Amino acid sequence: MDYFVEAPQELTTEYIGFLRYCVPVLTALLLLRCALPLLTFRREPEIWAWLNMPDGNQIPITHWETVIGRSKGSDVTIELSTVSRNHAVLTRYDDGSWTITDAGSKGGTFVNGKNVQICALEPGDRISIGGVEMRLQPITERQEERQAQLRTKAASGWDGVINLMLLTILQCLMLLGFMLKCQREDFISVLQGFGGIILSQWTLFIFYAIIRRKSFELETMAFFLCTMGMAAIATVRPDETVKQMMALILGVVVFLVIGWFLRDLERAKRFRYLAVAAGVGFLLITLVFGTEYYGAKNWLIINGMSLQPSELSKVCFVFAGTSTMDRIVNKRNLFLFIAYSIVICALLAVMNDFGTALIFFCAFLVIAYLRSGSVGTIALAITALGFAGVLALQIAPHALQRFTTWRHVWEDPLSGGYQQTRALMCIAAGGLLGLGPEGGLLQYVFAADSDIVFATISEEWGLLTAVMTVVCILVFSLFTIRTVRVARSSFYSIGACTAASVLLIQTILNCLGTVDILPFTGVTFPFVSNGGTSMIGAWGLLAFVKAADTRQNASFAVRLAKKGGSKD
């Protein structure tokens with residue numbers, strides 16, 4: 001039976017006019033409801049132990065990895081010349097046990113009078129650092145249970161229901177607009193694409209309710225971004241909506257799997273070498289068997305399906321960089337990670353994928369700085385990037401052409417500046433409210449659903465809505481900055497900061513490249529651009545941001561206390 005009925009033109013016109021105003025209003029309301037809890041929650045540090053000092057003072061230990069040293073950047077500062085800048089590291093494990101590790105200090109670290117490199121600690125053990133004696137006093141189980149009860153609570157489950165209802169209404173209104181405008185042969189594909197998103201978001205929300213997790217703001221915004229991406233695909237390539245929907249489902253599965261791994265830091269670290277191998281392996285396979293498009297050999301074609309493995313390598317890179325350097329002042333680990341980063345960027349340079357190489361390099365800078373705290377190391381790396389960039393422009397003609405076109409797109413509107421000039425004109429044509437679904441002309445320009453998808457959303461749904469998609473990514477980053485200050489471990493802090501940085505840098509390069517403020521790199525807009533591997537990679541990165549959320553009953557990566565009071 002054919003359920004497709006063509007609506008009268010007058011009704012279609014009136015509904016599209018209504019939709020142009022309704023979409024930005026619902027989007028703004030949804031974004032406001034999701035962003036406020038993430039940006040205004042009370043940040044109180046968790047205390048896991050006390051250091052009892054000789055003068056009777058008690059210093060709270062608020063992280064699972066605590067640096068003791070003379071440096072002002074240390075978590076516990078002892079201003080004595082006998083104490084090294086980074087002298088020792090206190091580490092707490094998932095089972096509540098503690099160790100102390102000497103960080104290559106000159107005077108050594110002593111436990112009960114014995115010089116140690118790494119040593120398990122028991123309550124009452126005498127720790128001597130630079131001649132200063134102290135004792136570690138872990139909190140009791142009762143104190144830990146009470147602390148869990150006092151943590152900031154996540155938004156209530158009903159808040160999540162209201163947010164999802166708003167998003168579902170928005171999705172249904174957009175879907176109806178496409179049904180009124182799309183061709184008969186595209187009707188089922190578009191319906192399946194939007195329907196798949198709606199089913200996925202409610203399924204994940206119900207799963208959260210079953211495992212007693214109440215925070216769904218990050219996921220709601222991610223599903224909103226996926227919805228806007230689906231709208232662009234429904235206009236440009238409606239036959240690929242189902243493929244993108246399947247990629248979204250797989251991305252949510254990856255999101256949950258990574259979150260499960262991050263529940264146990266020791267378990268996560270056991271898989272670090274697999275992440276290292278996978279990150280390089282994806283690129284090597286692409287280099288050997290990949291297909292070159294527009295000067296970059298970064299695509300794999302398997303049974304007619306195109307894959308971009310470098311998107312998956314980003315997740316592996318964050319995982320490996322966060323977990324491999326598990327001792328936060330170990331220079332050997334830093335040098336090994338530098339070597340790993342050089343290999344990754346070199347492979348991307350050989351593939352002529354300089355946009356992705358830039359993203360990896362920025363991720364390296366975030367990890368290296370957070371681990372080492374060395375501004376000199378970062379300055380040296382940036383200088384090396386400058387020389388490498390000049391060399392790359394000399395040996396990669398297509399990259400040089402993009403730089404020569406940058407800020408001069410109107411001088412060559414039919415060749416090098418074709419996409420950007422059309423994008424700028426269509427953004428202007430769309431105005432603040434847009435032209436409605438399938439109402440624009442950018443759909444006929446190459447990569448309208450990927451490289452210049454920001455312009456497609458601006459033309460059809462308005463500049464207001466397009467800017468709010470960027471604000472969603474910005475909220476992810478601001479939330480990460482707020483939450484990592486009270487994160488339990490540097491593993492979570494660095495993983496979240498790096499993942500959020502990758503998402504933000506991709507968005508900046510995609511959007512500002514589209515409007516010719518930055519060079520056009522062709523990188524994807526996370527969650528929005530058409531591409532299965534890009535979608536999976538974005539959800540994988542979001543898992544690191546989610547894992548750093550220590551609000552009560554917020555993240556599935558944080559274990560809960562049982563209702564009876566004992567630990568899970």
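**Salt bridges, cavities and exposure**

Trainee: Why is the contact between Lys 546 and Glu 219 called a salt bridge?

Mentor: In this predicted model, the closest N and O atoms of Lys 546 and Glu 219 are 3.1 Å apart, and because the cut-off is a side-chain nitrogen of Lys or Arg within 4 Å of a carboxyl oxygen of Asp or Glu, the pair qualifies.

Trainee: What makes Arg 551 and Glu 217 a salt bridge, and which parts of the chain does the pair link?

Mentor: Their side chains meet at 3.6 Å, N to O, which is within the 4 Å limit, so this pair also counts. Arg 551 sits in the segment after helix H18 (532-547), whereas Glu 217 belongs to helix H5 (residues 217-236), and 334 residues separate them. Both Arg 551 and Glu 217 are buried.

Trainee: Are Glu 240 and Lys 243 buried or partly exposed, and how do you know?

Mentor: Glu 240 has a relative accessible area of 16% and is therefore buried, since buried means under 20%. Lys 243 reaches 34%, so it counts as partly exposed, the class between 20% and 50%. The two form a salt bridge, with their closest N and O atoms 3.4 Å apart. Elsewhere, salt bridges with shared partners join Glu 217, Asp 549 and Arg 551 into one network, and the search of the whole structure finds eight salt bridges.

Trainee: Which residues line the largest cavity, and what makes up its lining by class?

Mentor: Among the lining residues are Arg 42, Glu 44, Arg 151, Thr 483, Asp 549 and Arg 551, and the lining divides into two nonpolar, three polar and seven charged residues. The cavity holds about 60 Å³ of space, and the structure has three cavities of 30 Å³ or more.

Trainee: What supplies the lining of the second largest cavity?

Mentor: Strand E5 (88-92) and helix H7 (265-270) each give at least two residues, with H7 providing the largest share, three residues. The volume is about 50 Å³, and the lining comprises two nonpolar, two polar and five charged residues.

Trainee: Why does Arg 407 count as exposed while Asn 112 counts as partly exposed?

Mentor: The relative accessibility of Arg 407 is 53%, and because exposed means over 50%, it passes that limit, whereas Asn 112, at 39%, is partly exposed. Asn 112 lies in the loop between strands E7 (109-111) and E8 (114-116), and Arg 407 in the loop between helices H13 (397-405) and H14 (418-430).

Key. Residues numbered from 1 in each chain as written. Predicted model: local features only at pLDDT ≥ 70, side-chain atom pairs only at ≥ 80, totals over all residues. Heavy atoms only, no water. 1 Å grid on protein atoms, 1.4 Å probe; cavity = no way out; pocket = protein on both sides within 12 Å on 5 of 7 lines; lining within 4 Å. Points joined across faces, edges and corners; volume = space filled by probe spheres on them. Nonpolar A, V, L, I, M, F, W, Y, C, P; charged D, E, K, R; others polar. Helix = DSSP H or I, 4+ residues; strand = E, 2+ residues; numbered from the N terminus. Buried < 20%, exposed > 50% of the residue type's maximum accessible area, 1.4 Å probe, protein only.
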